[in-house]
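This briefing looks at a ligand site and at a set of paired strands. Please keep the sequence and the model open while reading.

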Amino acid sequence: MEATHNPNAIDQFIAQLDGQVILPHDAEYEESRKIWNGMIDKYPAIIVRPTNTDDVALTIKFAQENDMVLSVRGGGHNVAGHATNDHGIVVDLSHMKKITVDPVSRTATAGGGVLWGELDAETQKYGLATPGGVYSKTGIAGLTLGGGFGWIRNKYGLSCDNLIGAEVVTADGRVVHTSEDENSELLWGLRGGGGNFGIVTTFEYQLHPLGPDVMFVFVLHDGRDKKTMERGVRFYRDYSTTAPDEVSTIMALGQVPPDEHFPEELHETPFILFGGLYAGDVEAGKKALQPLLDFGEPLLDFSGVMPYTDAQQAFDEDYPDGLRYYWKSLNLTELNDAAIKRIVHHARLQPSPFSTTDLWDVGGAMKKDVDGAFHGRHVNFLLSPEANWIDEADDEINVTWLREFIDDMSIFSDGSHYLNFPGFQEEGDEMMRKSFGEKYQRLQVLKREYDPTNFFALNQNIKPR
Ligand code: FAD
């Protein structure tokens, strides 16, 4: 481990920790170094799995003293791959899974390594939920710190809007608590400002009554005809802008994946997917979501009344670990008919049958002026095409498809992105400035207060002011 000057330093460090340390010669290393995106292939010098806040503080101190780069890994699902690095330290929080639910105050606390499926399972025991993502295996950490778009966002807001407190270990190893009454500016920054201010060891969320059963639509309509596809997007735009706040939706254009989960005769058939969840009464939900089913004769229909925790797993089979992924996004200030034609044009050029072009409506509670760093509330739609493919030989064609798509759509946008779908953050500081808008300078001031040397740099990075 060249980066450490004192040969005894690692031994001394390990002896102080309660948690696990994995080094390159350990049998577990090969599996442990991998993250979800197969495009990222890095070799950290030390992987630490802390079990408590003291371990996290010790690890930060060790990295600082030995001048080592440090990554923070919540669920390991960030597409840009900041959860790992070459030659540095990875703080892998997967052993910090404690969850507590208080059904009276309708709040929950969760450790920095908890995944959405784990938090949903606990909160649903009390008929409660906090808005998460639409995939149960992402970490609560990265998703919340970057925003958090899910199936109940129009009713209850983003994940970060429901963050009401946190325990954070800062760059100088201090343990800081934040809430609306204590270090509140830090809470403001954690609501969308990413992992810039420290390692969050505990998240505290507001919960809301939900389920256990909900009405959920997940339907694929025939998209073979280009005009029908365009009509599908126009329909989605009009439907989602007039639906009640209880309805949150996603639309995706793609091809039926050629795998065993789908009938062989439909493999690679272009589809228009409508997904929608009604956060409220099941009968009202059936009525409100019916238009999504009536759009055409469905190719495949997985809709129905189901436990909220099942709806939360609807996409779980679609994103296996280790596939190659490149996802980007753009906040659309306009989704007019011209924009829709461009979207459909590019969607139909996708080189891989596993890719999709996704649209998320931004409405209801998401439009409220929540006191937080998240910026993308000023638009009505988020466009997030995702390139998903298998072979390394196809890297260029897939990445190029997506970059050209985003570039071409920029005339319908103010150039801001959703930073949890950031590609590889090739645009660097410019991407951050555009995506945080007028909040960027306030974030820089906060960064200077909590991390003046930019020690936490592997993230949606904000340069200290
Ligand atoms: P990680 O890669 O572990 O972490 C990402 C970054 O967050 C780290 O680099 C670090 O900077 C920071 N971080 C992580 N943990 C901590 C911590 N405890 N303290 C401080 N900083 C920390 N987003 C949505 O909004 N809605 C969705 O429905 C959605 N679905 C997705 C589905 C899939 C299959 C994938 C891969 C991603 C999805 N995303 C979604 C995007 C997701 O929000 C981001 O990928 C997010 O970064 C994942 O968080 P993570 O903890 O798993 O990631």
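Which residue stands opposite D92 in β4? R73 stands opposite D92. This is a predicted model, in which local features need pLDDT of at least 70 and side-chain atom pairs count only at pLDDT 80 or more, while totals for chains, interfaces and linings use all residues. Residues are numbered from 1 along each chain as its sequence is written, and side-chain values use heavy atoms, with hydrogens and water left out.

**Strands** (DSSP runs of E, at least two residues, numbered from the N terminus)
- Strand β4 (residues 89-92) points I89 and V91 one way and V90 and D92 the other way, and all are buried, meaning under 20% relative accessible area with a 1.4 Å probe and protein chains only.
- Strands β3 and β4 run parallel and are joined by four bridges, where pairing requires that DSSP finds at least two bridges.
- Strand β2 (residues 46-49) also runs parallel to β4, with three bridges between them, and I47 has V90 as its bridge partner.

**Ligand shell**
- The ligand is surrounded by 34 residues, the closest being G74, G76, V134, F149 and Y418, with a heavy atom within 4 Å as the criterion.
- A backbone N or O atom of V134 lies 2.7 Å from an oxygen atom of the ligand, and a polar backbone atom of G75 lies 2.9 Å from a ligand oxygen atom.
- Of the 950 Å² of accessible area that the ligand has on its own, the protein covers 98%, by the Shrake-Rupley method with a 1.4 Å probe.
- Among the elements, α5 gives the most to this shell, with four residues.

Technical notes:
A polar contact is a pair of N or O atoms within 3.5 Å; within protein, one must be able to donate a hydrogen and the other to accept it, and residues adjacent in sequence count only if both atoms are side-chain atoms. Buried means under 20% relative accessible area, exposed over 50%, partly exposed in between (1.4 Å probe, protein chains only).
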